[in-house]
Amino acid sequence: MRRALTLALLILASVPLLYAVSLLPPVGSEDNPTYTYVVPHYLEEGPEETGCENIVTAVILNYRGFDTGGEVTVIFTALMAVFGVLLIPRPAEKVRQPESAVPVSPVTLFIVRTLAPFIVVFSVYQIINGHSTPGGGFQGGTIIGALLIAASLVMGSERTQRLLPEGVRRWLQPAAVLMFAVVGVTGMLLFGEYLSYPIEGEYLFLRVPFLTLVEIGIGVGGAAIVASIFWAMEGSDG
Amino acid sequence: MSRAFDLVLYGLLIACALAVIRTKDLLAASIIFSTYSLILCLVWQLRGSPDVALTEAAVGAGVTTVLFLVAVARTSRRER
């Protein structure tokens with residue numbers, strides 16, 4: 001009975017949805033709304049106006065810079081929420097995760113150790129060249145964070161955390177938010193509006209350094225946040 | 001040729017998605033979900049969006065899988 005009712009509800013709900021799909025403009029047609037408003041402007045003027053050959057970065061950091069600033073704030077707030085839930089102090093029973101019964105495989109250890117420098121170079125390249133090649137702060141930062149997690153898995157969290165002592169970590173976690181604020185306020189002082197980049201004039205040379213600074217902030221903050229969430233979940237403090 | 005490859009990828013995506021729902025072993029489900037992300041990453045790359053593909057590979061296949069695994073390790077492995 002319940003099954004039949006569910007099926008009937010599903011069919012009933014799918015009718016208007018499928019009807020709506022049939023009203024959508026054809027895929028790839030040139031006069032779709034997605035291709036007719038701001039997109040042609042981005043594609044034609046983007047590299048010239050923003051100094052980014054990678055249009056994705058031009059949109060993320062320049063045209064929609066406010067959105068990205070909001071996003072990094074959301075990510076930082078998410079980290080705070082994870083800490084708030086997981087790092088409640090339990091004075092009496094200090095629960096230490098028991099060491100894994102299975103020792104770390106030498107193959108895994110060797111592969112992580114050998115690949116680590118290449119992974120770091122790859123992500124740093126991505127972060128620094130985010131304005132001209134695919135990738136950027138978010139991707140590069142996540143890759144470094146994933147590398148920290150891999151290192152924690154093979155060498156233990158405590159040895160990995162020594163790379164980022166707690167005092168340093170607490171400042172790296174909000175790096176993206178702080179960097180947005182610094183670049184935004186600098187743009188406001190120089191050009192009049194929050195987070196504005198130079199389009200022409202004597203400060204034009206500052207455009208790419210500004211973008212790179214924001215990318216570095218996002219990358220460092222992202223890496224610290226990804227690794228901290230892992231450490232908090234694992235129980236070895238964020 | 002590329003159309004056929006697309007169809008194979010979409011088929012694998014749907015198969016993975018169904019497998020994640022059907023699997024009762026949460027460890028296995030996390031690994032299958034990571035496979036799903038890797039295939040989706042290939043799809044993004046073939047659709048011409050390398051930025052999204054990179055994010056999918058790093059976040060979807062890498063970090064979230066580890067977080068799922070930690071969560072499974074700290075709770076229970078079987079779905080109830």
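**Figure 1. Helix H11 of chain A is mostly covered in this predicted model.** Of the 28 residues in H11(A), 21 are buried. The helix covers residues 207-234 of chain A. At 1.5 Å a residue, H11(A) should span 40 Å, and its end C-alpha atoms are 41 Å apart, which agrees. Just after the helix comes Gly235(A), which takes a positive phi of about 100°.

**Figure 2. The largest nonpolar core has 17 residues.** Those with the most contacts inside the core are Ile149(A), Ile229(A), Phe230(A) and Leu67(B). Four helices each supply at least two residues of this core: H5 (65-86), H7 (137-155) and H11 of chain A, together with H3 (50-74) of chain B. Which helix gives the most to this core? H11(A) does, with eight residues. In soluble globular proteins, nonpolar side chains tend to be buried together.

**Figure 3. Phe33(B) and Tyr36(B) form a stacked ring pair.** Over all chains, the count comes to four aromatic pairs. In the pair shown here, the ring centres of Phe33(B) and Tyr36(B) are 5.8 Å apart and the planes meet at 10°. Planes under 30 degrees apart count as stacked, so the pair of Phe33(B) and Tyr36(B) is called stacked. A pair of aromatic rings is described by the distance of the centres and the angle of the planes.

**Figure 4. Phe33(B) and Tyr36(B) both lie in helix H2 of chain B.** This helix covers residues 26-46. Phe33(B) and Tyr36(B) are three residues apart in H2, and so are separated by about one helical turn. An α-helix has 3.6 residues a turn, so residues three or four places apart point the same way. Ring pairs link Phe33(B) and Tyr36(B) with Phe68(B) into a cluster.

**Figure 5. Five residues of chain A make a nonpolar surface patch.** The patch has an area of about 520 Å² and is made by Phe66(A), Val185(A), Met188(A), Leu189(A) and Tyr194(A). Helix H10 of chain A, residues 175-191, gives the most to the patch, with three residues. Met188(A) is found in this helix, H10. With a relative accessible area of 38%, Met188(A) is partly exposed. Patches are made of residues with over 30% relative accessible area, so the 38% of Met188(A) is over this cut-off.

Key. Residues numbered from 1 in each chain as written. Chains lettered and ligands numbered in written order. Predicted model: local features only at pLDDT ≥ 70, side-chain atom pairs only at ≥ 80, totals over all residues. Heavy atoms only, no water. Patch = residues over 30% accessible without salt bridge, like charges linked within 9 Å, V, L, I, M, F, W, Y side chains within 5 Å. Areas by Shrake-Rupley, 256 points an atom, 1.4 Å probe, with all protein chains shown as cover. Salt bridge = Lys/Arg side-chain N within 4 Å of Asp/Glu carboxyl O. Buried < 20%, exposed > 50% of the residue type's maximum accessible area, 1.4 Å probe, protein only. Phe/Tyr/Trp six-rings, centres within 6.5 Å; stacked < 30°, edge-to-face > 60°. Expected span 1.5 Å × (residues − 1). Core = buried A, V, L, I, M, F, W, Y, C linked by side-chain atoms within 4.5 Å.
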